[in-house]
Amino acid sequence: MTKQFIPAISIVAPTYNVEKYVEQFLDSILHQSFKDYELIIIDDCSTDRSAEIAESYIERFGDRMRLIRREKNSGGDAIPKNTGIGLSRGKYLLILDSDDLILKDALEKLYAIAEETQADVLHAERYFTTDAEVVDKTTKLRLETAEAGGFVDKPTRVTDDLAERMKQYSKSRFFWFHWSKFFRRDFILENRIELPNLPASSDLVFSFKCLCLAKNYVRIPLVYNIYRQSEGSMTRKNLSAEKFVKKWVTILVDGLNVMEDFMR
């Protein structure tokens, strides 16, 4: 009987109509300096070649890659991400978008910091972004953040005082992108933290729950993610003013209901 592969890191990446980007995303994982990981791709019924491209990489990854094809489109990214989390086996968990990239030493550095700090959550404050479809050595990357300043220059444990965390949260000190965080998998499972099935912003609720429940939440100065927003993204779909308002009002109301249930 073949011994089951138990990786140090599980990478979960939902995939939907990102054929322009997914090959380079997969390359960025395949060429990581740290090899003790598994990659779980959840294809949410792509109508382009995303799943076929991912499938062509399975042999190159060996037993480190799994491709799960959903039979019905979920209408968002929460269900695919929750599916991937449920299938994960690693000590740590990284949830990425399959139209982005990570730097070659990202996993190596994240794992080392997590082991040193024994964090439930590592929180990277900044990231790179680009408008380029193809990223190479000549691509100019912009260093950006979605939160207020006061950045750390070394791994720094966030206060255990929940009231102080909420005060900092209200001042935009914790942005919510899931790909900016590195989780201890048992922390996620033991606290039953899932992404709510919302058409958008499910990662906001997920990250907020993590901020409230993590006993050891650590900020890090590491910049490892290259953010690209694909043309198929929900936020880039052309909507009429009426549909746009309806969509975001629905997200706001449903999101507030989820948050109210959690705060109870």
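**Entry 1: V152**

I began with V152 and, setting aside residues up to four places away in sequence, I found that V152 touches E125, R219, I220 and P221. I note here that the model is a predicted one, and I read every entry below with that in mind. V152 lies in the loop between β8 (142-144) and β9.

**Entry 2: R228**

Which residues is R228 in contact with, leaving aside its neighbours within four places in sequence? I listed Y21, Q24, D99, D100, L101, T130, A132, E133, V134 and V135. For Y21 I also noted the separation, which is 207 residues in sequence and 8.9 Å in space, C-alpha to C-alpha.

**Entry 3: the sheet**

Next I traced the sheet, which is open and is formed by 8 strands in the order β3-β2-β1-β4-β10-β6-β11-β9, with mixed pairing. Its edge strands are β3 (65-69) and β9 (156-157), each of which pairs on one side only. Strands of a sheet pair through backbone hydrogen bonds, either parallel or antiparallel, so I checked the direction for several pairs.

- Strand β1 (residues 9-15) runs parallel to strand β2 (residues 37-43), and 7 bridges join them; for T15 I found the bridge partner D43 in β2.
- β4 and β10 run antiparallel and are joined by 2 bridges, with Y92 standing opposite R184 in β10.
- β6 and β10 also run antiparallel, joined by 3 bridges, and the partner of V121 in β10 is F183.

**Entry 4: helix α8**

I followed helix α8 from the sheet to its helix neighbour. α8 lies across β4 (92-95), β6 (121-124), β10 (181-184) and β11 (217-220), and it runs at about 55 degrees to β10. Two packed helices are described by the angle between their axes and the distance between the axes. For helix α6 (residues 162-170) and α8, I recorded that the axes come within 10 Å and cross at roughly 145 degrees. The contact is made by L162, R165, M166 and Y169 on the α6 side, and by L204, F208, L211 and C212 on the α8 side. By class, the residues of this contact divide into 7 nonpolar, no polar and 1 charged.

Rolling a probe the size of a water molecule over the atoms shows where empty space is left. How many cavities of 30 Å³ or more are there? The count comes to 2.

The largest cavity has a volume of about 40 Å³, and I listed its lining as Y169, F174, F175, W176, K181, L204, S207, F208, L211 and Y217. Helix α8 (residues 202-213) gives the most to this lining, with 4 residues. The lining residues of the largest cavity divide into 8 nonpolar, 1 polar and 1 charged.

The second largest cavity holds about 30 Å³ of space and is lined by A124, R126, Y127, W179, S180, Y224 and N225. Here the division is 4 nonpolar, 2 polar and 1 charged.

**Entry 5: an open pocket**

Last, I looked up the second largest pocket, whose volume is about 270 Å³. Q24, D27, S28, H31, L101, I102, L103, K104, V135, D136, K137 and I226 line this pocket. Which element gives the most to the lining of the second largest pocket? That element is α1, with 3 residues, and both α1 (22-30) and β5 (101-102) supply at least two each. I sorted the lining of the second largest pocket into 5 nonpolar, 3 polar and 4 charged residues. Going back to R228, I see that its contacts include Q24, L101 and V135, which are also among the lining residues of the second largest pocket.

Notes:
Residues are numbered from 1 along each chain as its sequence is written. This is a predicted model: local features need pLDDT of at least 70, side-chain atom pairs count only at pLDDT 80 or more; totals for chains, interfaces and linings use all residues. Side-chain values use heavy atoms; hydrogens and water are left out. On a 1 Å grid over the protein atoms alone, a cavity is a set of points where a 1.4 Å probe fits but cannot get out, and a pocket is an open set with protein on both sides within 12 Å along at least five of seven lines; lining residues have an atom within 4 Å of a point. Grid points are joined across faces, edges and corners, and a volume is the space filled by probe spheres set on the points. Ala, Val, Leu, Ile, Met, Phe, Trp, Tyr, Cys and Pro count as nonpolar, Asp, Glu, Lys and Arg as charged, and the others, Gly among them, as polar. Two strands pair if DSSP finds at least two bridges between them. Contact means heavy atoms within 4.5 Å. Axes are lines fitted to C-alpha atoms, for helices over the stretch in contact, and angles run from 0 to 180 degrees between N-to-C directions.
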